[in-house]
Amino acid sequence: MLRIGQAHVRYALLLLVACVLCGCERGPARDSLRQALQERLDSRFEQDLFAVREFRRTGSAPFRDLALDISGVYVYYDAELEFRQDYSLSRWLGLNLGTLAYAIGATEAGIDGFRAQGNQSGDVLRVYGRFAYRSDGKGGWESLDGKFTHGLAGEAQPAAGGPGPSPEYVLRDARSLLDSGREYASDSRAALVVEELDYAIARIDLRTAILEHKITLGSGTAPGTYYAFGEALSRYAGQRGVPLFSAASEGSLDNASRLQAARLDFGLVQSDVAQLLYRGLRSAGIYPYNELRAVASLWPEAVHLLTFEGSGITRLADLKGRRVAIGSLGSGSRVNALLIGLAAQLNGEPLPAIREISLARGIAQLESGEVDALFLTEAVPAPAVQKLASHRKDLRFLPIPPELIPKLAEKHFAYYPLTVPARTYPGQAEPFATLGLAAALITHSQVEDKKVEQMLELLLDGGDELARNFYRAAFIGRETMQLGLSVPLHPAAERFYARHDRQHTTGTK
């Protein structure tokens, strides 16, 4: 009897494994999924741009979101999408790879085949994605798209530990605490300890990188665009034999301050912030950061002003007397918000109640009703805004009045008018007008020429390989690398560009 029971158990396990491996038919059938993919491509990206050439249903798995009390099934798929016309997924103006990935339930890394210089008609993208469904109670399936956020974030790996009170052991233990992702009440002693540990470890890592003679790059806060680019560039540089360390930071202002003090080799800084700091604004107590030097313009960014439909805010002037989150002290978003507020003469009574908090906290407070509006300067589409728009259908994008651009231009700030296309974000039915600027790679006057040349070679040679890890790297090209730069170029960058242009004109080295 025991042997028979064991045999039944083994048989049941084999059936279960076979079901998982074969992708049991939980969720809609293949043809329905293929049709859903085509509909998303046409309605949420560009009509008739793609044709679903091949489609394969690769499996399914149940899930449960305890926070939102939603359960259902993930259905995974592989597909080939054929371009019906020439199109660039990395152009500065228009819908790009970030919007496409979000529209079809994929990640940027899950889309292969796009070209940094643009794709041609007949090219094929290979896509690995997933959709979410739940039973409709009638034998069919209801799409959960937009009802909750189904990200594809990986799990943090615990840090290795070891016995003994050595500094290395203490550091590993502290990293493990931070990697656990546990949250504490903001006014608690534990939250204070974790925050200070985070700052301390970041300083230790940066000083260690300097001690090891690595090139240092100031990026941004996780999981923002600057941080993601720093991580991707660091990995790519390592593959090319260039030791590069990406240091997390609060953002543009923080990076520029470190560069002025020569505590970083390079930093990611918004073009307008770099310009403002280089020239200084003595009336505001900002003295010129005259050590800053430009290396390259990287990709376009846009000012986002967010609110919810029930806030009663429909234009910039309505922010008077309201609670507005503008970004942390070291961020470029904060600088943008203050400059726009001054240009719009929002400095009269009643003043907006300004909250200088991080993006993550700002979005949380916007959703909870603690703030009425949020300023954010990010590349388009901004992942944090995609996530918010996916489950808040009442999200509204406030336009920046076009008459403000000349006012800001009079102050010689590096802005240009930009229209963010409809469907860039989930549920965004109309385009909105705003200010455009550029993310820039900045250095300081004393950095070694060799390091400048190494960074430029990485950026120009990265192409598709670098873009696979961070798709916005495909925006970087010689034609745009000096757009929006109003800080003097580092001499090594000037020579590099001149040599590069001469070689590509004459075909000689």
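I worked from a predicted model, in which local features need pLDDT of at least 70 and side-chain atom pairs count only at pLDDT 80 or more, while totals for chains, interfaces and linings use all residues. Residues are numbered from 1 along each chain as its sequence is written, and side-chain values use heavy atoms, with hydrogens and water left out.

Cavities. I searched the whole structure and noted two cavities of 30 Å³ or more (a cavity is a set of points on a 1 Å grid over the protein atoms alone where a 1.4 Å probe fits but cannot get out, and lining residues have an atom within 4 Å of a point; a volume is the space filled by probe spheres set on the points).

For the largest cavity I recorded about 120 Å³; 14 residues line it, and Trp92, Leu93, Gly94, Asn96 and Val380 are the closest to its centre. Strand 14 (residues 416-420) contributes the most to this lining, with three residues; strands (E, at least two residues) and helices (H or I, at least four) are DSSP runs numbered from the N terminus.

For the second largest cavity I recorded about 40 Å³, with a lining that includes Ala389, Arg392, Phe397 and Pro426.

Helix. I then followed helix 13 (residues 449-469), which bends by about 90° at glycine 463, the bend being the angle between axes fitted to the seven residues ending there and the seven starting there. Among the buried residues of helix 13 I listed Met455, Leu459, Gly462 and Leu466, buried meaning under 20% relative accessible area with a 1.4 Å probe and protein chains only.

Definitions and conventions
1 Å grid on protein atoms, 1.4 Å probe; cavity = no way out; pocket = protein on both sides within 12 Å on 5 of 7 lines; lining within 4 Å. Buried < 20%, exposed > 50% of the residue type's maximum accessible area, 1.4 Å probe, protein only.
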